[in-house]
Amino acid sequence: QDKAAAATDRMATRVVKAEIRKAEATQATVDRIAAARLKEIADGDKAAAAAEAQATKQGKAFNGQALMAAAAMAMMSRSIFEGLAGFAKASGEFSAHMRENNTMLKLNESEFKALEQTVLKTSEQMGGTQNADQMAASLYDIYSSGLTGAKGLEIMRLAAFDADAGLTDAKTAASALASVMVAYKLPVEQAAIANDVLFKGVELGRMHFQDLAQNIGPAAVKASAYGVSIGELVTVVARLTQAGLPAAEAFTSVERAISSIAAPSVKAKKQMDELGFAYGPVELQSKGLIAKMIELGQVAGNDAGLTAQTKAAYGSTGSLLALGDASGTVAANIRKMMGSSEGLTAQLLVSMDAGKDTIEMFHEMSKAGGQAEYAHSQLSKTSDFAAKSIAAQWANTKIEFGKSMEGMTRAADGMTMRG
């Protein structure tokens, strides 16, 4: 029995130990699994944290990009709005000038739209520095002068051409050309000839085309009224500016000289009669301004002989005024006859050196043909001309787009009213 009991105890001990080992193995497995799981969880947390950090970073980047995109959209919207506003402004200014012209023309809407298109197309086809709005503005002076229809449009085209060649604007050039055309009652076919005379005067004198254009109007009216040709008028002005007078003063001086010879005052007539100087509009028209100014210098008492060229041109045998008038007698006589200091200045300069320079200039004026074209060909080669031409064509594009916007707006308004 004791042996059997001892054997049973040993067996029980082995079983218990085996169970303990099994339990320990199971626990170890559980611990390993638990550790692995814990590691997975830890790794997952790290990954999740990393993912969250990455997501946050990307979110911030996205928000930044979104803000930038929104800002860009806002800027684009503003640019588009400003662009559309610019188109509308350009179109509106063009239409305003054209409507102002129509206050004189009184065209119906169909005719008015056709005229707008003609002005636009003329500017585009010329490809110069003057856009359609500038040409439309020039039409007002042209129409105001009574040059309408095809005549007015031809003067507009020439004025734009002059603006290119003379470094001025179409409105200033149109005013000058229209003044000459009306004053001398020239047909539109002779507009280009008159144009060449103006540009030749710029070449011969010391002035810019704009100086001439801004001042010629009143002088042209007076000169034409007394039969002084446009060639003589511009020649004398060129001579005075060459000697240093500003263009405005030169034109005033010529006007005074014309008036003094054609319609002298009572005092001036007395002096002229005493000196044997023939005056009056018929005398001025028959002999010409330059010849009469030279003759006036002659009778004033200068003893300097005439040049052979002057004699050949005018057939005179007397003497002319020279600036070397020490006693002041010649100047005093002329002042009495001219009746003003402006007239005296013109007379002194035109008659200087027996009128030699003035006569030579007048001969050069006979070669004025093609002068405007030549000036244009020179100016059109400059980078400034190219830049202004591009700007003019862009301005025309804005006008046309603006006109299209007006049409779409009217169509939309019509649909809204029908709806």
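The structure is a predicted model, in which local features need pLDDT of at least 70 and side-chain atom pairs count only at pLDDT 80 or more, whereas totals for chains, interfaces and linings use all residues. Residues are numbered from 1 along each chain as its sequence is written, and side-chain values use heavy atoms, with hydrogens and water left out.

The secondary structure of the protein consists of 18 helices and 2 strands, these being DSSP runs numbered from the N terminus (helices, H or I, at least four residues; strands, E, at least two). Of its 419 residues, 39% count as buried. Among the contacts with a separation of 6 or more, 69% are made by residues 24 or more positions apart, a contact being heavy atoms within 4.5 Å.

The largest pocket has a volume of about 250 Å³, and of the 15 residues that line this pocket, Ala 165, Gly 166, Val 202, Phe 209 and Leu 379 are the closest to its centre. A pocket is here an open set of points on a 1 Å grid over the protein atoms alone, where a 1.4 Å probe fits and protein lies on both sides within 12 Å along at least five of seven lines; lining residues have an atom within 4 Å of a point. The volume is the space filled by probe spheres set on the points, which are joined across faces, edges and corners. At least two lining residues each come from helices H4 (149–166), H6 (191–204), H7 (209–225) and H17 (371–379), with H17 giving the most, 5 residues. By type, the lining divides into 9 nonpolar, 5 polar and 1 charged, with Asp, Glu, Lys and Arg taken as charged, and Gly among the polar residues.

Helix H7 should span 24 Å for its 17 residues at 1.5 Å a residue, and its end C-alpha atoms are 24 Å apart, which agrees; the expected span is 1.5 Å times one less than the number of residues. The buried residues of H7, including Phe 209, Ile 216 and Ala 223, pack against H4, H5 (170–183), H6, H8 (230–242) and H9 (247–262). After H7 comes Gly 227, with a positive phi near 75°.

Positive phi values are also found at two lysines. Lys 185, in the loop between H5 and H6, has a phi of about 50° although it is not a glycine. Lys 106, in the loop between H1 (2–105) and H2 (109–126), has a positive phi of about 55° and, at 65% relative accessibility, counts as exposed. Gly 370, in the loop between H16 (356–365) and H17, counts as partly exposed at 34% relative accessibility; its C-alpha atom is separated by 8.8 Å from that of Ala 192, 178 residues apart along the chain.

Methods. Buried means under 20% relative accessible area, exposed over 50%, partly exposed in between (1.4 Å probe, protein chains only).
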